[in-house]
Amino acid sequence: MAVAALAASLLHAVGAPNANLNVNLVVDVKHPGAPISPTMWGVFFEDINFGADGGLYAELVKNRSFEFPNPMMGWSEWAPTGGAGSVAIRDQEPFSAANPHYLRITSTAEAGFGAANEGFRGIGVRQGENYLFSVQVRTPEGKAKSLRVELAGPDGKVLATARISGLTTDWQPQTASLAAVGTEAKAHLNVILEGAGNADLDMVSLFPQHTWKNRPGGLRADLVQMLADLKPGFMRFPGGCIVEGHYLTNRYQWKNTLGPLDQRKLIMNRWNDEFKHRPAPDYYQSFGLGFFEFFQLCEDLGAEPLPILNCGMACQFNSGELVPLDQLDPYIQDALDLVEFANGAASTPWGARRAAAGHPAPFHLKLLGVGNEQWGPQYIERYVRFAKALHDRYPELQLISSAGPGPADQNFRFAWSCLRQLNADIIDEHCYAAPSWFLDNDSRYDRYDRKGPKVFMGEYAAQSSGTAKPDNTNTLECALAEAAYMTGLERNADVVRMSSYAPLFGHVDGWQWTPNLIWCDNLRVYGTPNYFAQQLFSRNRGDRILPTVLLGGKRFYASAVLDERAGEVILKVVNPGSMPVSAAIKLAGVSRVSPSGRQFELAGKRPGDFNSLEAPNQVATVPSLFEGVAPDFNHTFNPYSFTVLRIEVKTRP
Ligand code: AHR
C-alpha cells in the first residue's frame with residue numbers, strides 16, 4: 001500500500017488526536033519498507049583540530065624528524081644541572097635522504113647537554129604506563145657515552161627515565177622503555193647526551209606502550225574505543241578540505257603516506273593557518289597515520305572504508321587551483337592505484353605494497369569519493385573523467401560525488417541536476433546550520449526522487465552560534481536538532497544510504513573548528529551529546545524502515561525500524577521542546593508484544609547543557625526498562641529528550 005494511502009487508513013483507525021494526549025504515533029509493523037543500509041550511520045575523519053597528529057595517532061613527540069620549516073619547532077635546548085653545550089640542525093650525511101634534517105647535540109660538560117620536546121600542547125603521561133622511546137642516533141666522533149631520556153612535568157619533576165648506551169659512529173636505531181611514576185597531562189621529553197662529546201639524532205619518537213590493539217607506533221586506544229563504541233557503518237578519511245589543500249601542492253597524496261615513517265614526507269596541515277582567530281603554526285601532517293593505517297582501522301571497527309581523493313581541484317574556499325583537464329591522468333591513476341592497493345592480489349604492484357605493510361588479504365574497498373566539497377562545472381568535468389575510468393575498470397565500485405558546501409544553494413542544484421543526468425551513484429551533501437534548520441528539514445528527503453542517485457549526508461552539524469564560529473558549543477539543543485533530522489534520514493533510508501557528523505575530533509588545546517563530535521586532551525576524552533545521539537542511531541540501526549504516521553505533534557519527531565533478527569520494533573522519538581509529550585502509540589499489525597521494553601534516553605534539564613572533560617556525562621544516554629507495552633500503549637517523552645524504545649513484537653500472520 002502506498003504510504004499516503006496507508007497514512008489515511010491509519011489516521012482513520014486512530015482518529016483525531018486525543019485531547020488528553022499530545023500526539024498519536026502509528027507504526028505499521030506489518031509492512032516493513034526498504035532495507036536500511038549497513039552504511040547508514042558512519043564517521044567522518046579529518047586531521048583537523050589535532051585529529052591525527054596530536055590526537056588519534058599516538059606519537060607524543062612533535063616534529064620528531066626535524067622537518068618542520070622551522071626545524072627546531074617544538075624543541076628547545078635542555079641543560080641538566082651543571083650541563084653545558086649547544087644544539088644545531090644539520091643535513092650532512094643524513095640518516096634518510098627523504099628526511100634530511102637531524103639534530104646535533106654537542107655537550108661540553110660531564111653533566112651533559114640536550115634538547116627538550118614539548119609534545120602536542122604537552123605530553124600526556126599516566127602513572128603505571130610504559131612509554132617506548134626510539135631514535136636514530138650516531139656519535140660522529142665516537143666519544144659520547146650515552147643518552148638519558150626523561151619525561152618531566154612542568155615543575156621539573158622527573159616522571160620516568162631511561163638510558164641508552166652503546167652509541168656508534170654509524171646511524172643506528174635505539175630504543176628504551178620508560179615506566180611512568182606519575183600522571184601529568186603537560187609533561188615534556190628531555191633527551192640528554194651524557195658526558196662531553198656530540199651525537200646526531202633523528203626520528204626521535206615516543207609512544208605509549210598501550211595503544212589500540214597494542215600495535216607498536218599505533219593509535220590512541222581511548223580515542224579509537226570511542227569510535228568502536230559507535231559501531232560505525234563506514235569511516236570516511238582523510239577528510240574534508242585536507243584532501244584538497246589550500247593549493248594543489250599541499251593536497252593529500254595517499255601514496256606519500258605509505259612505507260617506513262622516515263619516507264613519509266611531512267607537509268603543512270592546511271588547518272595550520274586557515275583561521276586567523278585560531279592559528280596553529282605547529283600543525284603539520286607527519287602521515288604516521290597513513291592510508292594503510294586508515295584501512296586497518298576501518299577493518300578493526302567493522303566499518304566500510306571510504307577514502308576521498310583529490311580530483312584535481314584545490315580547496316575552492318582557498319585558491320581553487322585546477323589541474324587542466326589534459327593533465328588529469330596522474331590524479332585518475334592515483335585513484336585506480338588506490339583500488340588496487342586496497343583490493344588487488346598481492347601479486348599486483350599496489351597489492352604488493354599492501355601485503356608488504358602486513359595485510360596480504362584485500363580490504364574489500366567498495367566506496368570511493370571523487371573530490372571533497374567541490375562545486376561548479378569544473379567539478380563535473382573532472383568527475384566525469386574519474387567516473388569513466390573507475391567504472392570502466394571497477395564497475396562494482398560505488399562512487400561518491402559532491403553537491404558542494406551548501407544543502408540548497410545554486411551550486412547544490414547545479415551539481416544535483418548534472419549528477420542526476422550522469423547517473424551518479426551516491427551524492428555527498430553537506431550542511432552546517434542553526435539547530436532550527438535541522439528541525440525544519442526533517443522531511444527534506446520525503447520529496448527526493450526514489451529512482452535517482454542515492455544520498456550521503458556526508459558532513460553535518462548544528463551550529464549553536466554560526467558556521468565555524470569559535471563559540472559554537474556541542475549543546476543538547478544541537479544534538480536534539482540533529483537527532484530530529486536523523487529521524488528524517490532514517491524514514492528515507494531508501495534514498496539516504498550514508499550519513500556522518502563532522503568534524504569528528506577536537507583537542508581542547510589544539511582545535512581550529514568547533515563543534516566536534518568527540519573532544520580530548522592529552523589524557524582524557526569525552527563524547528558530546530551529539531556523540532550520544534549518533535550512537536543511539538548507529539547502535540539501533542535495524543534492518544528495515546517501518547512506515548510511521550505522527551499526528552498532532554509540532555516539533556516532535558519520530559521514526560521506526562524493524563530489527564529482524566531480534567524481532568524488535570525500534571522507535572526513535574525526539575522531543576526538543578520544554579514540555580513533556582504524552583504519545584498514544586499504536587503498533588499496527590502486531591498480535592503480541594513483550595509487556596516490557598528497553599528504553600535509552602538522552603535528555604537534559606536545559607537545552608544549553610553540554611559535556612566537558614570535567615563532567616563528561618552531564619548529558620549521556622540512560623538505559624532503563626519500561627513496562628506496560630501493548631499493541632496500543634501510552635508513553636511520555638521528557639522535555640529536551642531523544643528516546644529510543646526497543647519493543648519485542650510478534651506480527652499477525
Ligand atoms: O568539517 C570541517 C570542514 O567543513 C571540512 O573539512 C570541509 O569539507 C567542510 O567545509
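Trainee: Why are α6 and α7 called roughly parallel to each other?

Mentor: The axes of helix α6 (residues 377-393) and helix α7 (residues 410-421) cross at roughly 25 degrees and come within 10 Å, and angles under 35 degrees count as roughly parallel, over 145 as roughly antiparallel, 65 to 115 as roughly perpendicular and the rest as oblique, so α6 and α7 are roughly parallel. Axes here are lines fitted to C-alpha atoms, for helices over the stretch in contact, with angles running from 0 to 180 degrees between N-to-C directions, while helices (H or I, at least four residues) and strands (E, at least two) are DSSP runs numbered from the N terminus.

Trainee: Which residues make the contact between α6 and α7, and of what class are they?

Mentor: P377, I380 and Y383 of α6 meet F414, A415, C418 and L419 of α7, where contact means heavy atoms within 4.5 Å. By class there are seven nonpolar, no polar and no charged residues, given that Ala, Val, Leu, Ile, Met, Phe, Trp, Tyr, Cys and Pro count as nonpolar, Asp, Glu, Lys and Arg as charged, and the others, Gly among them, as polar.

Mentor: As for the basis, this is a predicted model, in which local features need pLDDT of at least 70 and side-chain atom pairs count only at pLDDT 80 or more, whereas totals for chains, interfaces and linings use all residues. Residues are numbered from 1 along each chain as its sequence is written, and side-chain values use heavy atoms, with hydrogens and water left out.

Trainee: What makes α2 and α10 oblique to each other?

Mentor: The axes of helix α2 (residues 221-230) and helix α10 (residues 529-538) cross at roughly 45 degrees and come within 8 Å; α2 and α10 are therefore oblique. In this contact, M226, D229 and L230 of α2 meet Y531, Q534, Q535 and S538 of α10, which by class gives three nonpolar, three polar and one charged residues.
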